[in-house]
Amino acid sequence: MRLAALLLMLAAAPAGANPGAIGDAIGLCRAVVEAESPEPLEAAGLELVRRFELGAPQWGAIYGAPGRIGTIGAGLDELNRDGRDMEEVHCYLALPAPTRSSQTRWEKLAMGPVMALEAEGFERHGGTPASPGLRKCPMIGKPTFVRLYTMERTDPPEVRVWVTDTGPSGQTCKE
């Protein structure tokens with residue numbers, strides 16, 4: 001009976017599945033957003049996969065994720081949303097999910113570390129039960145928004161945990 005349960009658990013998880021590595025990657029992404037720099041990824045010794053050449057002050061890079069579970073993309077973008085010029089610092093964990101079943105498995109594995117942020121003062125902000133959005137709006141310091149979702153437009157599709165200092169559609173904590 002125990003062997004059957006173990007085999008079922010292993011079959012249900014994507015190769016390399018590691019909720020601890022997901023939590024570590026989310027922590028690194030939060031540090032990137034706070035620092036407005038890829039320095040936390042570099043300090044963690046993650047492998048640089050690609051650096052994007054962008055006009056200052058913009059920057060972008062992709063690193064290997066902890067535990068080799070996927071990649072971490074990070075950057076600073078200048079945006080114009082609804083006529084407002086703004087900068088957005090973002091960092092995301094991308095978990096490769098070429099099949100619908102692997103997408104579902106990654107979503108379930110990532111849900112735990114994402115929802116654990118509620119214990120750190122994050123509150124639900126948009127999204128759905130299967131694809132939640134969270135935010136933390138401190139009195140001092142910058143806001144942090146976190147989303148869990150599946151990106152279908154990549155090849156292969158990816159389950160992403162997106163961390164940024166700007167909410168969906170340029171929202172801030174005041175909205």
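Trainee: Are Cys29 and Cys91 buried or exposed?

Mentor: Buried means under 20% relative accessible area, exposed over 50%, and partly exposed in between, with a 1.4 Å probe and protein chains only. Cys29 is buried, and Cys91 is buried too. This is a predicted model, in which local features need pLDDT of at least 70 and side-chain atom pairs count only at pLDDT 80 or more, while totals for chains, interfaces and linings use all residues. Residues are numbered from 1 along each chain as its sequence is written, and side-chain values use heavy atoms, with hydrogens and water left out.

Trainee: How many disulfides does a search of the whole structure find?

Mentor: A disulfide is a covalent bond between the sulfur atoms of two cysteines; here the test is a pair of those atoms within 2.5 Å. The search of the whole structure finds one. Cys29 and Cys91 form a disulfide, S to S 2.2 Å. The torsion about their S-S bond is about -60°, so this disulfide is left-handed. Cys29 lies in helix H2 and Cys91 in strand S4, so the pair ties together parts 62 residues apart in sequence. Helices (H or I, at least four residues) and strands (E, at least two) are DSSP runs numbered from the N terminus.

Trainee: Which residues touch the most other members of the largest nonpolar core?

Mentor: In soluble globular proteins, nonpolar side chains tend to be buried together. A nonpolar core is a set of buried Ala, Val, Leu, Ile, Met, Phe, Trp, Tyr and Cys residues joined through side-chain atoms within 4.5 Å. The largest one has 35 residues, and Ile72 and Leu93 touch the most other members. Elements that each supply at least two of its residues include H2 (19–35), S3 (71–81), S4 (84–96) and helix H4 (100–115). H2 gives the most, with eight residues.

Trainee: What is Ile72 in contact with, leaving aside its neighbours within four places in sequence?

Mentor: Contact means heavy atoms within 4.5 Å. Among the partners of Ile72 are Cys29 and Cys91, along with Ala25, Leu41, Tyr63 and Leu93. Another core, of five residues, lies apart from the largest one; Tyr92, Ala94, Tyr149 and Met151 are among its members.

Trainee: Where is His90?

Mentor: His90 is in strand S4. It is buried, with a relative accessible area of 8%. Leaving aside neighbours within four places in sequence, the contacts of His90 include Val32, Val33, Asp77 and Trp162.

Trainee: Which residues of H4 are buried?

Mentor: They are Ser102, Gln103, Trp106, Glu107, Ala110, Pro113, Val114 and Met115. The buried residues of H4 pack against several elements, including H2, S4, S7 and S8.
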